[in-house]
Amino acid sequence: DDNARHHRHVREAGPVGRTRFEAECSAAGVSATELTGDIAIIVSGAGLAMATLDSVAVMGGEARCVVDLGYSTLHSSQDLRRVLELVYELGCRVVLVNGFLQMASCAEFAAAIVSIAGAHPAGPELVARLAGNDAASAQAAVLGAGGHIARGVIEACGEAVELSAAVTDRRS
């Protein structure tokens, strides 16, 4: 567990076995796992990561990656934008953002998401569930950028899976 590494007195293993995506996310202070599906999952905590990944899988979707931004990355605009850019470079069909922020601003988080999505106009669909501090303005920003807003985790996961299947059907 990279988040507890500072508690252990062991030799650093280095990036062995990590993909470029995972290594670059780690360098930005983010826990990330690259998978083979088509839905990128970006969350603001490990519990949300597990719940979101499980829900997507139960609904028949497959994750392309799971990114846990953690608290510190949400306060570094440069790191946050770099991680979001890395996610978009994976070529996923849907980006699913599940954020519950009480100490950081959902509006600042949404601004970064909308900025990166705007740089990729032909990119993936965007589905966001944003709750907490400044949630209303964050949701308005995502909607204004053509994204989809969901009120709950299950609704967000269901919409992401449906959009992924629709993109798949259009490409067939």
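pLDDT is the predictor's confidence in each residue, from 0 to 100. The protein chain has a mean pLDDT of 87, and 85% of its residues reach 70 or more. This is a predicted model, in which local features need pLDDT of at least 70 and side-chain atom pairs count only at pLDDT 80 or more, while totals for chains, interfaces and linings use all residues. Residues are numbered from 1 along each chain as its sequence is written, and side-chain values use heavy atoms, with hydrogens and water left out.

**Figure 1. The protein chain as a whole.** The protein chain has 7 helices and 6 strands. Helices (H or I, at least four residues) and strands (E, at least two) are DSSP runs, numbered from the N terminus. Along the sequence their pattern is α-β-β-α-β-α-α-β-α-β-α-β-α. Of the 172 residues, 45% count as buried; buried means under 20% relative accessible area, exposed means over 50%, and partly exposed lies in between (1.4 Å probe, protein chains only). The chain exposes about 8600 Å², and carbon and sulfur atoms supply 54% of this area. Accessible areas come from the Shrake-Rupley method with a 1.4 Å probe; for residues, only the protein chains shown count as cover. A contact means heavy atoms within 4.5 Å. Among contacts with a separation of 6 or more, 74% join residues 24 or more positions apart.

**Figure 2. Residues 5-14.** Over residues 5-14, pLDDT stays under 50. For this stretch the model has 3 contacts beyond four places in sequence.

**Figure 3. The largest nonpolar core.** A nonpolar core is a set of buried Ala, Val, Leu, Ile, Met, Phe, Trp, Tyr and Cys residues joined through side-chain atoms within 4.5 Å. In soluble globular proteins, nonpolar side chains tend to be buried together. The largest core here has 36 residues, and those with the most contacts inside it are Phe21, Ile42, Val67, Val95, Val97, Phe109 and Leu130. At least two residues of this core come from each of helix H1 (20-27), strand S2 (39-43), strand S3 (63-68), helix H4 (77-89), strand S4 (94-101), helix H5 (106-118), S5 and H6. H5 gives the most, with 7 residues. Not counting residues up to four places away in sequence, Val95 touches Ala40, Ile42, Val87, Tyr88, Pro124, Glu125, Leu126 and Val127.

**Figure 4. The second core.** A second, separate core has 17 residues, including Ala49, Val127, Ala156 and Leu163.

**Figure 5. Asn98 and its surroundings.** Asn98 is in strand S4. With 2% relative accessibility, Asn98 counts as buried. Leaving aside neighbours within four places in sequence, Asn98 is in contact with Ile42, Val43, Ser44, Leu48, Thr52, Arg129 and Val153. Asn98 and Thr52 are 46 residues apart in sequence, and their C-alpha atoms are 7.6 Å apart in space.

Figure 6. Side chains of opposite charge can pair when their charged atoms come close. A salt bridge is a side-chain nitrogen of Lys or Arg within 4 Å of a carboxyl oxygen of Asp or Glu. The structure holds 6 salt bridges. One of them joins Glu89 and Arg20, with the closest N and O atoms 3.2 Å apart. This pair links distant parts of the chain, as Glu89 is in helix H4 and Arg20 in helix H1, 69 residues apart. Glu89 also forms a salt bridge with Arg82, where the closest N and O atoms are 3.7 Å apart. Glu89 is partly exposed at 42% relative accessible area, and Arg82 is partly exposed at 31%. Through shared partners, salt bridges join Arg20, Glu24, Arg82 and Glu89 into one network.

**Figure 7. The salt bridge between Arg93 and Asp38.** The side chains of Arg93 and Asp38 meet in a salt bridge of 2.8 Å, N to O. Arg93 lies in the loop between H4 and S4 and Asp38 in the loop between strand S1 (31-34) and S2, so the pair ties together parts that are 55 residues apart in sequence. Arg93 counts as partly exposed at 22% relative accessibility, whereas Asp38 counts as buried at 16%.

**Figure 8. Asp134 in a loop.** Asp134 lies in the loop between strand S5 (125-132) and helix H6 (135-144). Most residues other than glycine have a negative phi. Phi of Asp134 is near 65 degrees, a positive value. Asp134 counts as partly exposed, at 38% relative accessibility.
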